[in-house]
Amino acid sequence: MLQRIRDRITGKFALAILALIALPFVFFGINYNFIGVGFAAKVNGDEISAFEFENAYRNQLLRLAEQGTEIPTELRQLVREGVLDALIRDMLVNQFLEQAGYEISDQILTDFIQRDETWRVDGEFSREAYYQWLETRGLDPGQFEASQRRGLEQNQLQRGVAASAFVTPSEYRRYLNLYGEQRQVSIAEIDIVALAETIEVSEEEARAYYDERPDAFRSPESVDLSYVELRRDALAAGVEVGEDELERYYQESSSRFVQDEQRRARHILIPFGDDEAAAGEQAAALAARAQAGEPFEDLARQYSKDGGTAQQGGDLGFMLRTQLSGELGDAIFEMETGDIVGPVKSTFGFHVIRLDGVRAGGPLPLEEVRGELERELRSQKADAQYETLERQLADALFDAANIETLARSVGLELNGTSGFTRLGGEPFGTNQAAIDAIFDDAVLTRGEISDIIELDANRAIVVAVTRYNEAARRPFEEVRAEIDSSIKSERAFAIANQRVAELQAALLGGADFEEAAAAIEGLTTRTAVIERQDTDVDPRIRAAVFQEKKPAPGRPRVGTVVTEDSKYAVYSITDYAPGRPESIPLAERDAGKQQLGLMSGSRDLQSLIAELERRADIVKSEDVLAQETPFD
């Protein structure tokens with residue numbers, strides 16, 4: 001199982017990982033670094049340190065590892081590049097925030113953290129719960145709070161950009177005027193369906209309609225079929241897996257379901273500096289002090305130069321062997337729990353190490369993989385049955401005189417269907433392989449049994465045509481109802497169109513709406529005041545009404561539309577009233593304005609960051625990007 005996760009890192013899975021590492025990151029948590037002085041990038045003269053870059057890279061690898069994703073060596077360089085690009089964008093934003101004077105006070109930060117329900121007990125902020133939450137996640141309070149401050153500053157920037165997105169009070173009022181606008185409309189409707197029901201069609205009219213359309217009302221060429229079918233899913237559904245069989249398969253497959261050993265260690269890092277010998281002597285002295293009983297955590301906090309782990313007493317957390325390369329990994333995975341060793345020399349300096357715990361590797365328990373094993377066994381048995389039946393079917397085709405004999409010889413059920421056309425039909429849908437085989441001359445006209453037709457990887461059929469139905473014009477009596485319906489609909493629409501045109505012309509000529517509508521048969525009228533969000537009005541009428549220009553006094557706006565329920569409508573817009581912002585509660589107005597600003601501002605913010613990046617003086621350290629770390 002874990003091995004297959006690793007195997008799937010290539011191909012489409014690899015692309016998914018690349019998409020993941022291209023996203024912006026939120027970096028906070030335990031910092032891990034093992035690299036010396038230097039910078040990973042300079043942004044307008046400000047450095048992103050190699051320490052910070054390695055911390056971010058380490059955190060990203062840990063995040064992916066928690067998701068069950070192990071990044072292969074060939075992709076890790078892309079991960080590093082993506083992490084550095086994200087840090088550069090983060091620094092650009094922070095530089096802009098500083099230059100623009102964005103600042104979050106300690107009180108605002110405190111209030112923000114204390115309002116979070118995560119750390120509230122009985123409705124009150126609990127300092128104990130807060131620090132316990134941080135401790136369980138290995139987070140340094142200062143670093144966590146700094147990250148929250150940056151987040152609040154960035155939110156402040158988002159709000160600032162939104163506020164400058166030209167959503168002025170006058171523009172917002174204009175928006176509210178339009179949003180809440182009301183229009184007074186008179187509507188006359190003709191129900192085309194009801195009108196069609198009143199129309200009578202004589203025999204002579206229907207016959208003439210039929211005769212005038214010789215190419216209409218035709219049934220397509222079709223066949224009736226008998227067929228036998230192999231379905232892998234049907235075979236799998238009938239497979240039973242015994243407990244003994246499952247146990248045996250688990251034993252045979254145990255090497256596939258292995259969890260790797262993990263080890264938790266602490267370390268003290270003494271970089272080489274200018275005097276490697278002195279650094280080695282200091283590390284040896286610290287190892288002796290720790291072995292003599294001094295608290296390792298205190299020594300790490302005081303002497304370790306790994307800024308990411310020193311404040312946590314040198315804690316590296318639980319790690320896989322693949323996450324630690326070179327001498328450091330060799331030492332940690334050769335120690336016994338409680339051992340203190342050092343100095344251990346690596347490319348980053350001298351390490352003093354204590355092993356705190358081991359999570360043993362080995363096969364996963366049967367119960368954790370039972371479902372997967374059962375599915376695999378069923379699939380294997382179904383595959384074997386499918387292949388056996390397919391071979392038997394192929395062999396039987398040589399001797400079978402008809403499809404009935406074929407079905408009996410291989411023990412498959414004989415099925416049938418009718419009305420299958422060159423466009424397809426049930427139960428094979430529009431599968432082109434089935435259509436081509438069924439309408440092959442040998443099967444269609446000579447009555448032969450088809451070869452095995454592979455519909456897809458899990459389904460195969462053999463078919464025989466039992467009846468061929470030529471394309472032909474359907475008898476008049478069979479299609480009489482269709483003809484009557486077509487004639488009624490056409491006449492009803494023509495009548496409605498004529499009446500609507502008559503009413504529209506009268507209204508455009510200045511006639512009174514009620515009087516003009518009353519003079520025309522079959523119209524129902526109503527007057528309504530509608531709004532843009534009105535759900536009680538047909539959506540097509542509402543859309544047409546608000547697409548019209550506003551009416552001038554004494555000059556209504558007139559139009560027509562076919563409604564969703566097949567009515568022909570004429571509308572006359574006689575008056576309008578702009579929306580009244582003061583009728584909307586103040587809180588709702590403010591929220592609406594903020595939302596409009598955010599929508600516009602989010603686009604502006606992305607453009608701002610892109611422009612900052614375009615103008616920035618950015619220098620990347622190719623050496624640091626190419627640097628191998630203990631986690632590669």
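Helix α13 (residues 276-291) and helix α14 (residues 296-303) have axes that come within 10 Å and cross at roughly 155°. That makes α13 roughly antiparallel to α14, since angles over 145 degrees get this label. The model is predicted: local features need pLDDT of at least 70, side-chain atom pairs count only at pLDDT 80 or more, and totals for chains, interfaces and linings use all residues. Residues are numbered from 1 along each chain as its sequence is written, and side-chain values use heavy atoms, with hydrogens and water left out.

**The chain as a whole**

- The protein chain has 24 helices and 21 strands. These are DSSP runs numbered from the N terminus: helices are H or I with at least four residues, strands are E with at least two.
- Of its 632 residues, 40% count as buried. Buried means under 20% relative accessible area, exposed means over 50%, and partly exposed is in between (1.4 Å probe, protein chains only).
- Take the contacts in the chain with a separation of 6 or more: residues 24 or more positions apart account for 74% of them. Contact means heavy atoms within 4.5 Å.

**Helices α13 and α14**

- The crossing of α13 and α14 is right-handed.
- From α13, the residues Gln282, Leu286, Arg289 and Ala290 meet Phe296, Leu299 and Tyr303 of α14.
- By class, this contact of α13 with α14 has five nonpolar residues, one polar and one charged. Ala, Val, Leu, Ile, Met, Phe, Trp, Tyr, Cys and Pro count as nonpolar; Asp, Glu, Lys and Arg count as charged; the others, Gly among them, count as polar.

**Helices α12 and α16**

- The axes of helix α12 (residues 243-253) and helix α16 (residues 366-397) come within 10 Å and cross at roughly 105°. Axes are lines fitted to C-alpha atoms, for helices over the stretch in contact, and angles run from 0 to 180 degrees between N-to-C directions.
- That makes α12 roughly perpendicular to α16, the label for 65 to 115 degrees.
- On the α12 side, the contact includes Leu246, Tyr249 and Tyr250. On the α16 side, it includes Leu366, Val369 and Leu373.
- The residues of the contact of α12 with α16 divide into seven nonpolar, two polar and seven charged.

**Aromatic pairs**

- The count comes to six aromatic pairs. Rings of Phe, Tyr and Trp (its six-membered ring) pair if their centres lie within 6.5 Å; planes under 30 degrees apart are stacked, over 60 edge-to-face, and the rest tilted.
- Tyrosine 210 and phenylalanine 476 pair edge-to-face, at 5.4 Å centre to centre with 70° between the planes.
- Tyrosine 210 lies in helix α10 (residues 203-211) and phenylalanine 476 in helix α20 (residues 476-508), so the pair ties together parts 266 residues apart in sequence.
- Tyrosine 210 is buried, with a relative accessible area of 8%. Phenylalanine 476 is buried at 5%.
- Phenylalanine 272 and phenylalanine 350 also form an edge-to-face pair, at 5.3 Å centre to centre with 85° between the planes.
- Phenylalanine 272 sits in the loop between β9 (262-270) and α13, and phenylalanine 350 in strand β12 (residues 349-359), 78 residues apart. Phenylalanine 350 is buried at 10% relative accessibility.
- Tyr210, Phe217 and Phe476 form one aromatic cluster.

**Tyrosine 175**

- Tyrosine 175 is found in helix α8 (residues 169-179). At 36% relative accessibility, tyrosine 175 counts as partly exposed.
- The C-alpha atoms of tyrosine 175 and lysine 593 are separated by 9.5 Å, although these residues are 418 residues apart along the chain.

Methods
Parallel < 35°, antiparallel > 145°, perpendicular 65-115°, else oblique. Left-handed = near helix turned anticlockwise from the far one by under 90°.
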